[in-house]
Amino acid sequence: MKTVLILNGPNLNLLGTREPQVYGSQTLADVQALCERSCAANGFALDFRQSNHEGELVDALHEAGRLQAKGKLAGVILNAGAYTHTSVALHDAIKGTGVTLIELHISNVHARESFRHHSYISPVAQAVMCGFGVNGYALAVAGLAGMQAAT
Ligand code: CA2
C-alpha cells in the first residue's frame, strides 16, 4: 500500500480557532480524521503533518521524493499556507525532487487579496485545488488515486 503525504504549512495549526467565514470551523485534527477516511477509501496509507517552518517543509519534500523513487509514496498534497506566495525554496524542492504534488488551498485564493493570486507552487504542481473548504483534502486524495490509476 502506498502512502500519501499531506503536508500543511504555517498557521494551519490554528484552523477552527479563527476566521471561520474563510476557513470553516473544523480543526486540523478534524481534517486529519477526514484524510484518514479518504485515504482508507482510496487504498492509501496516510502521513499527515504540519509545520510552521519553511526548512522543515523542504526536508519533508526531500524525504517524499526519496520515498516516491522507492515506490512507497503515491504523492504529496501540500497546503503551503502563506509560503505558497513567497517561497522559492519550496518551488525548488518540488522541482528538484520531481515528487508528484497537488497544491491545495481551503479558500479560493483568487477571490481574495491580490498578494494571494501568485503561487510559487503551481508551476511545479501536477494539479491545483482551491475553494472547496476542507473537503478539498478528500477530493485531492481521490484525485491522486485517479492519477495513480492512469499511470
Ligand atoms: O486557503 C488556504 O488554505 C491558504 O493556504 C491558507 C493560508 C493563506 O495564507 C493562503 O493564502 C491560503 C493561511 C493559513 C492560516 O490559517 C488560519 C486558520 C485559522 C485562523 C488563522 C489562520
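**Entry 1. Cysteines**

I searched for disulfides, taken as a pair of cysteine sulfur atoms within 2.5 Å, and the count came to 0. Cys35 is in no disulfide; the nearest cysteine sulfur to that of Cys35 belongs to Cys39, at 6.4 Å. I then turned to Cys130, which is likewise in no disulfide, the nearest cysteine sulfur being that of Cys35, 17 Å away. I also looked up the accessibility of Cys35: the residue counts as buried, at 0% relative accessibility. For this and later entries, I use buried for under 20% relative accessible area, exposed for over 50%, and partly exposed for values in between (1.4 Å probe, protein chains only).

**Entry 2. Basis of the values**

I note that this is a predicted model, in which local features need pLDDT of at least 70 and side-chain atom pairs count only at pLDDT 80 or more, whereas totals for chains, interfaces and linings use all residues. Residues are numbered from 1 along each chain as its sequence is written, and side-chain values use heavy atoms, with hydrogens and water left out.

**Entry 3. Leu78**

I located Leu78 in strand E3, residues 73–79; strands (E, at least two residues) are DSSP runs, numbered from the N terminus. Is Leu78 buried or exposed? I find Leu78 buried, with a relative accessible area of 1%. I next listed the contacts of Leu78 (heavy atoms within 4.5 Å), leaving aside neighbours within four places in sequence. The partners are Leu7, Ile94, Leu101, Ile102, Glu103, Leu104 and Ile121. I also checked Leu78 against Tyr137: 59 residues separate the two in sequence, and their C-alpha atoms lie 9.5 Å apart in space.

**Entry 4. Salt bridges**

How many salt bridges does a search of the whole structure find? I record 4, a salt bridge being a side-chain nitrogen of Lys or Arg within 4 Å of a carboxyl oxygen of Asp or Glu.

I examined Glu113, which forms a salt bridge with Arg112, the closest N and O atoms being 3.8 Å apart. The side chain of Glu113 also meets that of Arg116 in a salt bridge, at 2.7 Å from N to O. Glu113 is partly exposed, with a relative accessible area of 35%, whereas Arg116 counts as buried at 17% relative accessibility. Elsewhere, salt bridges that share partners join Asp47, Arg49 and Glu63 into one network.

Asp47 is partly exposed at 25% relative accessible area, and Arg49 is partly exposed at 27%.

Technical notes
Helix = DSSP H or I, 4+ residues; strand = E, 2+ residues; numbered from the N terminus.
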